[in-house]
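The sequence and structure come first.

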Amino acid sequence: DVDTEEFENELSAFYSGFEISPVLEGHVEQLAQMVRADGGTFVMMQIPNRAAYQAEVEKRFGKEYAQHIEALKRLAARINAPLYIFNAPADCGLTETSYEDYGHINAEGSRQFTQYLSGLIQREGWLKEKRELSPASAAR
């Protein structure tokens with residue numbers, strides 16, 4: 001079991017009065033443009049929090065969490081990107097022991113999520129056999 005009181009500051013800081021930053025949205029939009037300029041597929045994902053922490057989020061900040069999800073959906077629609085929101089660790093191959101803390105995965109969690117993600121990339125056909133880099137990317 002996880003003591004969610006340990007993460008009280010993170011919980012309140014992120015969800016209390018939630019509002020997505022226009023600066024963050026701008027950075028995501030710019031990143032999507034760069035990926036597409038290089039011939040890639042831009043996909044938005046939200047890796048889940050540890051289950052105990054997520055349960056506390058939904059119990060105490062359900063309205064703000066819903067606003068967070070709606071903001072992500074609006075951003076994904078505006079930039080025409082698929083959006084994957086994983087609500088529970090098991091949704092994407094993770095377990096409770098995959099986490100360092102409330103929401104950051106550890107080395108084993110990274111391996112587990114990478115394995116899940118590689119299967120998703122194959123199923124969705126996001127990886128092209130060969131692609132040319134844009135002139136701007138080739139210069140980087």
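## Basis

Contact here means that heavy atoms lie within 4.5 Å. The model is predicted.

## Overall make-up

The protein chain holds 5 helices and 2 strands. Read from the N terminus, its elements follow the order α-α-β-α-β-α-α. Of its 140 residues, 34% count as buried.

When contacts in the chain between residues at least 6 apart in sequence are considered, 72% of them join residues at least 24 apart.

## Helix α4

Helix α4 covers residues 107–124, which is 18 residues. From its first C-alpha to its last it reaches 25 Å, close to the 26 Å expected at 1.5 Å a residue. The buried residues in α4 are G109, Q112, F113, G119 and L120. Viewed down the axis of α4, its buried residues fall within an arc of 120 degrees, so they line one face of the helix. The cover over these buried residues includes β1 (44–46) and β2 (83–85). On the other side of α4, the residues R111, T114, Q115 and Q122 are exposed.

The N-terminal end of α4 is capped by N106, with a side-chain oxygen 3.2 Å from the backbone nitrogen of E108. After α4 comes G125, which has a positive phi near 70 degrees.

## The largest nonpolar core

The largest nonpolar core consists of 12 residues: F18, I20, V28, A32, F42, M44, A71, L72, L75, A76, I79 and A81. Helices α2 (22–37) and α3 (51–78) each supply at least two residues of this core. The largest share, 4 residues, comes from α3.

With neighbours within four places in sequence left aside, M44 is in contact with V28, L72, L75, A76, I79, A81, P82, L83 and Y84.

Not counting residues up to four places away in sequence, E64 touches Y15, G17 and F18. Y15 and E64 are 49 residues apart along the chain, yet their C-alpha atoms are separated by 5.8 Å.

Q46 is found in strand β1. The relative accessibility of Q46 is 14%, so Q46 also counts as buried. Leaving aside neighbours within four places in sequence, Q46 is in contact with Y65, H68, I69, L72, Y84, I85 and F86.

Where is N80 found? N80 sits in the loop between α3 and β2. At 63% relative accessibility, N80 counts as exposed, because the cut-off for exposed is over 50%.

The phi of N80 is near 55 degrees, a positive value in a residue other than glycine. Most residues other than glycine have a negative phi.

Conventions
Residues numbered from 1 in each chain as written. Predicted model: local features only at pLDDT ≥ 70, side-chain atom pairs only at ≥ 80, totals over all residues. Heavy atoms only, no water. Expected span 1.5 Å × (residues − 1). Buried < 20%, exposed > 50% of the residue type's maximum accessible area, 1.4 Å probe, protein only. Arc of directions from axis to C-beta. Polar contact = N/O pair within 3.5 Å; in protein donor to acceptor, adjacent residues only side chain to side chain. Core = buried A, V, L, I, M, F, W, Y, C linked by side-chain atoms within 4.5 Å.
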